[in-house]
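User: I'm new to reading protein models. Could you walk me through this one?

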Amino acid sequence: MSASHPLELDSLYGDYPLDHAFDEMREAGGEVRQHYRALAETLARLPEEELQRRKQSADLSFLTQGITFTVYGRDEGTERIFPYDLLPRLVTAVEWDRIERGLTQRITALNLFLRDIYSDAKILNDRVMPSELVYSCKHYRRQMRGLQVPRNVYVAVVGSDLLRLNTGEFVVLEDNLRVPSGVSYMLTNRRVMKRTFPQLFSSYGVRPIEHYPQLLLATLRSLAPEGRPEPNIVLLTPGVFNSAYFEHTYLARQMGIDLVEGRDLVTHDNVVYMRTTDGLKRVDVIYRRVDDDFSDPLIFRADSSLGCSGLFNAYRAGNVTVTNAFGTGLADDKAVYAYVPAMIRYYLNEDAILPNVETYLLGEEKQRQHVLANLDKLVVKAVGESGGYGMLIGPHSTAKQREEFARQIEANPRNYIAQPTLDFSRAPCLIGNRLEPRHVDLRPYILFGDKVNIVPGGLTRVALEKGSLVVNSSQGGGSKDTWILE
Amino acid sequence: MLSRVADSLYWMSRYLERAENTTRQLDVTMGLMLDTGGASAETRWERLVASLGKPEGLEWNGDLESMSRNLVFDNLNHAAITFCINGARENARQVREEISTEQWQRLNRLFHQIHSPQALTQFSSSINDLLASVIDGIHLFKGVSDTTMIHGEGWQFIRLGRYLERAYATATLLEVHQPELLHPQEREHAGYQYLEMVGLLRCCTSFEAYCQVYTADVAPDRILEFLLLNHDFPHAIRYCVDSIRDAIDSIQRIGGRRPPVELAAAIGRLHAMLNFTTIEEILHGDTPAFLHTIREQCLRIHEMIYRYYVHYSIQSALAS
């Protein structure tokens, strides 16, 4: 069993370059890392047809389960299966321990930051970061000033994106503090993988993640308004046309709560109700999967019909908990991101366990000049965007695209940041019937109610296109199951 | 239960029932057309279209192949089988959290199956097999609905949709067929007449059940009696109405804050019509009007369901 089969494994490799990027499975010399050996041996032992058979059976399972996402801007075939890779990504217990501590520290600080900004703004008075940066952020919500948020929790549900650099070290690329998605893919990937590689899975001793919905429910319950011992908890979705609709239904079902749309809700005397077949029923906690802008036409965008009129006032009155709170997008602004290590020092008096990626703030003259002179080497991102939109990847860009971005940066420098083009790590994927390395990131999911809870795992997103650095599902990315080893 | 969810479950169920009805009627009609001695293909087609409630875009054009292809595959025609299956799936997709994974997978499989290239090939090679597989898919869905879902409010709305659609469709079918059935034309050969009557029963999957009650001695008045007044056979209108009443009672027991007085009255009227009437009375009276009243009452019940459970006014709900 334990004898290696180097020959068979070698024949499995397709185009498999080992260069300066960290390879999750293989060391620089090409030998398989210790914790990947059992996986490599299993692959080498499996006949090619058997691997393809398992792949097909997993495909079919995703299709009939209707695990799809919606691509915007197309009329037909708007539903697509979320592409995934059959091979798990392995993370050792030691690596995970660091990630877990680092994220706990980071989310604690970010939450303190939001609380501070929406109350006394001490961090600005102490000149740790510039006020203008905060107040010019388009996700800053003045309406939240002085509002008492239940248990002082602004961000109950977070998904932070990590990358592994060529040193083998994990860094945080960005935090998603608004409505992070993808957790349903983490859970369904796991179910499919357990069926695809049952023996391998059990021989590895993988830490379980299946209790995530239960933890999420407990988190939401812990945030219920005072005096509501049996809170009615609902998940608010923008509806069936949202790209993450599958996830909304999945989570609602797994938690056993109602999935509501804005049109199901009404407010009366600052209390939120939902329309049921038995009349109106009071709502206590809303797990919101609708962006701030669309949540309440009376306060935010007046042209939106996705939310519920009067929701914000009911929230302000303390009659309903809405989570994540409004205005949390401030803290995942990509320019504010640059200050997270400083926040950790300021609020917790600790050094950041997980470092940031070096970030240039284009609002500052010197940094901007440096970036403009080096656009072909850097990645430029719009600060308030997500999903891989509004991004320039210098080395893969044309001169025309760079000119366009330079113009936009000059016009609105606050709206952009730049980062070095990272050669983040690659993991082996099954491409055709050969193994080839593709770039991967890692998005663990963090819950924050009574305390911080992180299920051991996350969504490993894969840039399935060869050489691509973009892992977003809207841009041709896929995912793989992530096994955190005991 | 959320009103919107109840609405979706109700329509999911109605669409599937409609798809099944259309599939079965098309299957029976194609079968009857094999015997060329009876009514012409055109007559049969028009009768089929009338039984489906005279949807547009299905006028006889002489090309049976293309017309039946439309009735199966035309995603834009409201009577087409694919249109109904799409509708059912779209409604199910909006309440994914309410139905079981098994239900969703069954329905999803049916959807992918009817939209696959193989379905088109099968249509040309053996339409019967294709239609049979659609009905199989729907039956499987109903099976898992009954075995994997809590028999609570959502399930009752599914029942409500199914039986209301069925009662309405069966009443329409009988209304269209009753002139021929009760006053057959002289020239028609007894053998053809028999085929017609069996065809009518098959449209409601009730030939075998009929034989168990009346033996294979097929007679028009008995067919009407069976399809209208039998209270043990799920495709008989009386059974459907009993089930509608039962579903509403159950929904009322689960919630129960606002008694649906007028809805109960409308169902009660229909129930009384079918429970305290004999077939002789119906046949001696105005049969078409009787059938027509059933349809009207069904429509009224549908409106009441909306008024009580889905589109009620907020002000009245706050008051109660």
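**Reading the model**

Analyst: Chain A averages a pLDDT of 89, and 94% of the residues score at least 70; pLDDT is the predictor's confidence in each residue, from 0 to 100. This is a predicted model, where local features need pLDDT of at least 70, side-chain atom pairs count only at pLDDT 80 or more, and totals for chains, interfaces and linings use all residues. Residues are numbered from 1 along each chain as its sequence is written, while chains are lettered from A and ligands numbered from 1 in the order in which they are written.

User: What is the radius of gyration of chain B?

Analyst: It's taken over C-alpha atoms, and the globule rule is 2.2 Å times the number of residues to the power 0.38. Chain B has 20 Å, which agrees with the value near 20 Å for a compact globule of 320 residues. Its C-alpha atoms fill a box of roughly 65 × 50 × 35 Å along the principal axes.

User: Which residues does Ile237(B) touch?

Analyst: Leaving out residues up to four places away in sequence, Ile237(B) touches Ala167(B), Thr170(B), Ala171(B), Leu227(B), Leu228(B), Leu274(B) and Ile294(B).

User: How many of chain B's contacts between residues at least 6 apart join residues at least 24 apart?

Analyst: For chain B, that's 69%.

Key:
Two residues are in contact if their C-beta atoms, placed from the backbone, lie within 7 Å.
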